Amino acid sequence: DNAIKVFALQGQELKETAALSVNPLRKVIALDAADLKQSGRAQIFASVYDTSSDKFYTMVLEAKGATLEQTDTVRGIVKGISVQGGPRDLYVQDYNPATGLSSAAQLVYQNGAFERGASLFAYNFESIFGFNLFDFKEAGHKNVIYTTPAQKLRIQFEKRGSYTESPSGFDFATTPNRLKINGKPQRLYTPVVVFKNAAGQTLVGALEHQTKLGLLSDVFGSYASAKLYFLNWTGNGLTPKAVAEIQGISCDMSQTSFGPYKDAIVVPFASTAGQSAVLVFDASAA
């Protein structure tokens, strides 16, 4: 319904604490939260696509009692990652109808304003949707892992020709979150998480959606359910380890502390019955 709602975890229940309805002409395409102002409270970053002007921008929202108040605006789209379940790092990309998406840059707050910080470059890495960073070689350098249009996850190392991809048979480019820009469909990939479990294994988590009626359903983003796959990093490549069935569609996923779990994979989803829920997986037990 193009509304932004904040919930607090109270025991085993999520209770709504604040809400904001967004103008229907501004389609909400992404949500994230981080305390970039270092104020002790997170700011909410709601990226929207303005259909009246074909522009993207991000509303910065802060809770004022039971309401959300817009306190700033960031040009472009904002989406973040949590490296190994740590603090949320946010990245920003702008969009130009003539040239497409700009390079990704870390979003920082300095001199009283949100600004582009250090750029993030990797060969063929184009979108801040569906990526993460991790030191796969344990050599003191974080590598980019990202979703490709060829349906795979790619771990890109320092040299252009040095990379590894997820095995065939999975389609991680399936996502119900998509836009049509200048008549062309744009997929906004679902997030990728990377973490170590209690056994010390490095695991990658990614979502694959199941179509309702075959290939045409994927073209139009029509899905009935999803699967959360966990892939094991062997030191040379990715191999399947486990899978969790999700009875609905999901546009987002994050790694964070949640309730009794110090390290959890949180997956919100909506079922075809019109209900929404949040799945919580214990990352240490994966």
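**Figure 1. Nonpolar surface patch formed by F7, L9, L14 and V278.** In this predicted model, F7, L9, L14 and V278 make a nonpolar surface patch of about 320 Å². Patch residues have over 30% relative accessible area and no salt bridge, and nonpolar side chains (Val, Leu, Ile, Met, Phe, Trp, Tyr) are joined within 5 Å, like charges within 9 Å. A salt bridge is a side-chain nitrogen of Lys or Arg within 4 Å of a carboxyl oxygen of Asp or Glu. Accessible areas come from the Shrake-Rupley method with a 1.4 Å probe, and for residues only the protein chains shown count as cover. F7 belongs to strand β1 (residues 3-10); strands are DSSP runs (E, at least two residues) numbered from the N terminus. F7 counts as partly exposed because its relative accessibility is 45%, where buried means under 20%, exposed over 50% and partly exposed in between.

Figure 2. Most residues other than glycine have a negative phi. E138, in the loop between β13 (131-134) and β14 (143-147), has a positive phi near 50 degrees. With a relative accessible area of 59%, E138 is exposed. Q151 has a positive phi of about 80 degrees and lies in the loop between β14 and β15 (153-156). Q151 is partly exposed, at 36% relative accessibility.

Figure 3. A cavity is a set of points, on a 1 Å grid over the protein atoms alone, where a 1.4 Å probe fits but cannot get out; lining residues have an atom within 4 Å of a point. Grid points are joined across faces, edges and corners, and a volume is the space filled by probe spheres set on the points. There are two cavities of 30 Å³ or more. Of its 17 lining residues, G80, I81, F131, P191 and V192 lie nearest the centre. Two or more lining residues come from each of β7 (77-82), β13 and β23 (254-258), and β7 gives the most, with four.

**Figure 4. The second largest cavity.** The second largest cavity has a volume of about 80 Å³. Among the residues that line it are F56, Y95, F129, Q186 and R187. Strands β17 (178-181) and β18 (184-187) are the elements that give two or more residues to this lining.

Residues are numbered from 1 along each chain as its sequence is written. Local features need pLDDT of at least 70 and side-chain atom pairs pLDDT 80 or more, totals for chains, interfaces and linings use all residues, and side-chain values use heavy atoms, with hydrogens and water left out.

Technical notes: Buried means under 20% relative accessible area, exposed over 50%, partly exposed in between (1.4 Å probe, protein chains only). On a 1 Å grid over the protein atoms alone, a cavity is a set of points where a 1.4 Å probe fits but cannot get out, and a pocket is an open set with protein on both sides within 12 Å along at least five of seven lines; lining residues have an atom within 4 Å of a point.
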